[in-house]
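I opened my notebook to look up a few helices and the packing inside this protein. My entries follow the order in which I checked things.

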Amino acid sequence: MVKSNRHGARVGAIRQENETQCALWLRDHGRSSVGTLSRSVGVSRPTVEVALARLVERGLVKEIEGGSDTATGRPARVFEFVERAGFVAGIDIARAGITVVIADISGRVLAQRRSGAPLPKDSLARLRLVTHETTAALAEAGGTVSRLVAAHVALTGWVGADGRLRASGAYPDWEGVDLTEHLSRMLGCEVRVDNDVNLAALAEHRIGAARLIPDMLYIRIGSGISAALVLDGKLRLGSHDSAGALAGASLPLPIDPQGDLGWADEPSLRAVLERADASEPEAAAKRDDFVDGLAELVGMIGQVVDPDCIVVGCDAAEHGDTIVSLLRQRLIDKGWLLYEPAIIASHLGDDAAVLGALTRAFDSSAKHLYGLDEVGLPEIRFSDVIATSKTPIAANTP
């Protein structure tokens, strides 16, 4: 009996693998005939036909009437991936508001919704607003909550492996709350939560400035200074999920006890940089002191992890190239690193965290869609609606 069960499990696993290979080929390469699929996936034609029948039954694939084999031009049974069989959501809950990005399961981004209104002070009202914005974004994408396969949330603060917020100056009333359970119930699908800077780093590694670069240091200049690491192609969180959570008091930068970046007589870093660009000597001195401190910080981390490249994301994105240029020169002048570092301004800007959340949502959707824990990430593409919007999320992509 045990032997029979093991044999059945192996057969089931092979069948699942064949179905997944066929589905992913159609997802990534477009419609195809049975013969082409058989040759491309490397399994027999009868095996492909069985796999396609099961995929059609599950709604992931459909047969095209009057199809023809692209290789021969002769009539053939042709199948294509059903892109809108499901949707995934990336959600960024930031101090400035909520951003939601919806993509179909083929990787096409169909809707982007930004809410710049102040977040409610009440914790439950905040969760309801997240649900409302996600539902509204799904409607804009032509979907409904019932078709949402997975969602991932970017959140400011120290997030544990269990998805609970352990510490956050932005949302202290959410500390210890099982946000994943609440949002999963409200949205009717699997929802996970991660730190926003970690997700931003992941996005830059997967689809942004550091695509396919195995070792990357990500520095985020926002209300404070944060860092994240991608090593050997994987996001490294540390033993306590707190890698990159820099202690404000230890930074060689103008950081207050709450960890916020700022000057007593300046409203923001952007204001300093704008005045420095206007050749105001006092502002230029503040800018240079800031870059010196940033270079010292980056140099210390760089000596420890020896990254292939350093990506810098900044709320004042229009000044990102200036900061990168000055930072690179300071590191070279000071000789803090044994090599001349490749320092790159973020390609994804303010959208890095929400796009990182979107890629994680695709990771989470794999088990539901294909029965496997991991499958290849689809190519993230932007629909005409997004590409022509007033604030296109793809504006900073390469």
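**Entry: helix α6.** I checked how covered α6 is, and 11 of its 12 residues are buried. This is a predicted model, so I am reading a prediction throughout. I listed the buried residues of α6; among them are Asp196, Asn198, Glu204 and His205. The list also includes Val197, Leu199, Leu202 and Ile207.

I then looked up the length of the helix. α6 covers residues 196-207 and reaches 16 Å from its first C-alpha to its last. That is close to the 16 Å expected at 1.5 Å a residue.

Next I looked at the N-terminal end of α6, which Asn195 caps. A side-chain oxygen of Asn195 lies 2.9 Å from the backbone nitrogen of Val197.

**Entry: Leu331.** I found Leu331 in helix α9, residues 320-334. Is Leu331 buried or exposed? Leu331 has a relative accessible area of 2%, so I count it as buried, which means under 20%.

I also looked up the neighbours. Leu331 touches Ala295, Val298, Gly299, Trp336, Leu337, Pro341 and Ile343, leaving out residues up to four places away in sequence. I checked Val291 too: it sits 40 residues from Leu331 along the chain, and their C-alpha atoms are separated by 9.8 Å.

**Entry: nonpolar cores.** Which members of the largest nonpolar core touch the most others? I noted Leu52, Met216, Tyr218 and Leu358, out of 52 residues. Helix α10, residues 352-370, gives this core its largest share, 10 residues.

I followed up on Leu52. Leu52 touches Leu26, Val34, Leu37, Val61 and Phe79, again not counting residues up to four places away in sequence.

Last, I noted a second, separate core of 35 residues, including Ile219, Ala227, Leu297 and Val305.

Key:
Residues numbered from 1 in each chain as written. Predicted model: local features only at pLDDT ≥ 70, side-chain atom pairs only at ≥ 80, totals over all residues. Heavy atoms only, no water. Core = buried A, V, L, I, M, F, W, Y, C linked by side-chain atoms within 4.5 Å. Buried < 20%, exposed > 50% of the residue type's maximum accessible area, 1.4 Å probe, protein only. Helix = DSSP H or I, 4+ residues; strand = E, 2+ residues; numbered from the N terminus. Contact = heavy atoms within 4.5 Å. Expected span 1.5 Å × (residues − 1). Polar contact = N/O pair within 3.5 Å; in protein donor to acceptor, adjacent residues only side chain to side chain.
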